[in-house]
Amino acid sequence: MANPTEPERSDADAALSASAPAAQSDVEAHVTDTHVTDDGIEHPTRGRVFLRGLRSTSTVCLQILLVLAFLYVLLIIGAKFWVVLLPTVLAIVMATVLWPPVRWLRAHRVPPAAATILVLLLAIAVVGGVIGAIVPSVVDQAPHLADQAVDGVRRVQDWVQGPPLNVGDEQISSFVNEITGKLQQSASAIASGVFSGVGVATSALITIFTSAVLLFFFLKDGPRFVPWLDRTMGTTKDGSHVSVVLVRMWNTLGGFIRTQAIVSFVDAALIGTGLLVLQVPLAGVLIVITFMGGFIPIVGAFVAGALAVLIALVSNGVTTALIVLGIILVVQQLEGNVLQPWLQAKSMDLHAVIVLLAVTLGGSLYGITGAFLAVPAASCLAVAVRYYLEQVGKAAGEQLEAEDDEVAREVGRRQID
C-alpha cells in the first residue's frame, strides 16, 4: 500500500531541484560579476577586468623580482669566485683567437699538444716583440714629453691669466695650494695604495699564469668537450640544448674577437700612419693603445683617440693636434659606416645602445677587465636568449624561418617604396 505523503515529497524535491540551478546561476553571476549588454552578449564588469589585470600584473612582478633576486645572487657568487672565473673567461677569449691556427696544424696531422705549444710560443713571441719594440721609445721620449707637458701647463696658465678670463696669480696660487693640501691629507691613502698595488701585480701574475695553463688545455682538449657534454646531458634531435647553446656562443665569440681584431688593426694602421707622418712622440705606444682599445667598443676608441690628440697637443702644438683629431674622426667614420656593418653583420647582431650599456655596466662593476669582457658577455647572453625564444616558438608551432623571411621581404618592400 502506497504512502499518501510520498507524492507530496516528490513534488517538494522536484521544486527544490528545479530552483537549485536558478540559485546556482545567481551565485555564479554574483561571483563572475558579469553583465549582459544590449547586443545580448555577456561581458565581465570593469571591476572584474581591473582585478583580473591586477592579479596578472602582480604575478608577473613577483616573477620578475624572483628572477632579479636570482641574478643578484648569481653576481655575488661570481664575485666570490672571480679569482677562478676571470682566468677561465680570459682563456676562453684567447682560445677563440688561437684556435684557427691550432685547428689548421691538427688538420695537417700535427699532434694536438705539439700544435698547441707551437701556436702558444708564436703568440708569446709576437707579444714579446711588440713590447720590446715600444719600450725603448717610451724610455727615450718620456722625459722629453714630460718637459713639454710642463711647458704646456705654463702656456695654459698664461692663457688663463690673459683676457677674457683674467684670472689673477692669487687665485691660481690658492687653487694649487688647495690641491697640494688635499694630496698631503691623502698621503696615507696613496701609500696604502702603493702597497696594495704590489698585491694587485701579484694577483695579475697569478691570473696570467692560470690563464696560460687553462688556454693550453682548452686548445689541446677542447674538441672533446662537446661530445662529453652530450653524453652527460643527453641528446635531443639536434643535440643537447646546453651543447647547442655553447657551440653557438663559441662561434659568436670567435667571430666577434676575430672581426674586432681586424677592425682594430685597420684603425691602428691608419691612425698610426698619420702619427708617424706628423712625427708625434710615442707613436708606437699610441698604435698599440689604439689596437687594444678597439676591443672595447665606443669607449676604447674614444679614450685612445683623446690620448693621441692630447700628446699631439702637448708635443707638437694646436695645428698638429687638430690634424690628428681629423684623422681619428675620418678613421672612426670609416670603421662605423663601412668596416663594422660589413664585418660584424653576422658576428654579434647587437644594437649600439646595448653595446654601450654593456660596456658601462661591465666597467662600473669590474673596471677595465669588465669593460673588455662586457661585449663578449652580452653577445653570449643574446645567443642564449635567442635560442630560448627559438625553442618557445617551436613549442608554439610557429614557423620562425618563414616568418623571418616574410618580415625581411616586407622591410625590403618598405625601403623600396
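Predicted model: local features only at pLDDT ≥ 70, side-chain atom pairs only at ≥ 80, totals over all residues.
Residues are numbered from 1 along each chain as its sequence is written, and side-chain values use heavy atoms, with hydrogens and water left out.

**The chain as a whole**

The protein chain holds 13 helices and two strands; helices (H or I, at least four residues) and strands (E, at least two) are DSSP runs numbered from the N terminus. Of the 417 residues in the protein chain, 23% are buried, a term that means under 20% relative accessible area, with exposed meaning over 50% and partly exposed in between (1.4 Å probe, protein chains only). If one takes the contacts (heavy atoms within 4.5 Å) between residues at least 6 apart in sequence, 65% of them join residues at least 24 apart.

**Helix α8 and its partners**

Two packed helices are described by the angle between their axes and the distance between the axes. The axes are lines fitted to C-alpha atoms, for helices over the stretch in contact, and the angles run from 0 to 180 degrees between N-to-C directions. Helix α8 (residues 241–277) packs with helix α9 (residues 283–293) at an angle of about 155°, and their axes are 8 Å apart. That angle makes α8 roughly antiparallel to α9, since angles over 145 degrees count as roughly antiparallel, under 35 as roughly parallel, 65 to 115 as roughly perpendicular and the rest as oblique. Among the residues that make this contact are Phe-265 and Ile-271 of α8 and Leu-286 and Phe-291 of α9. By class, the contact of α8 with α9 has 10 nonpolar, three polar and one charged residues; here Ala, Val, Leu, Ile, Met, Phe, Trp, Tyr, Cys and Pro count as nonpolar, Asp, Glu, Lys and Arg as charged, and the others, Gly among them, as polar.

Helix α3 (residues 82–107) also meets α8, with axes that come within 9 Å and cross at roughly 75°, which makes α3 roughly perpendicular to α8. The residues that meet include Trp-99 and Pro-100 in α3 and Trp-250 and Arg-258 in α8. The contact of α3 with α8 divides into nine nonpolar, two polar and one charged residues.

**Single residues**

| Residue | Helix | Relative accessible area |
|---|---|---|
| Leu-219 | α6 (residues 187–221) | 1% |
| Ser-243 | α8 | 3% |
| Thr-320 | α11 (residues 318–343) | 13% |

The C-alpha atoms of Leu-219 and Trp-99 are separated by 6.4 Å, although these residues are 120 residues apart along the chain. Not counting residues up to four places away in sequence, Leu-219 touches Trp-99, Val-102 and Leu-120, among others. Leaving aside neighbours within four places in sequence, Ser-243 is in contact with Val-226, Leu-229 and Asp-230, and Thr-320 with Leu-278, Val-280 and Ala-312.

Arg-109 lies in the loop between α3 and α4 (112–161) and is exposed at 81% relative accessibility, while its phi is near 65°, a positive value in a residue other than glycine. Gln-279, in the loop between α8 and α9, is exposed with a relative accessible area of 66%, and the phi of Gln-279 is near 60°, a positive value in a residue other than glycine.
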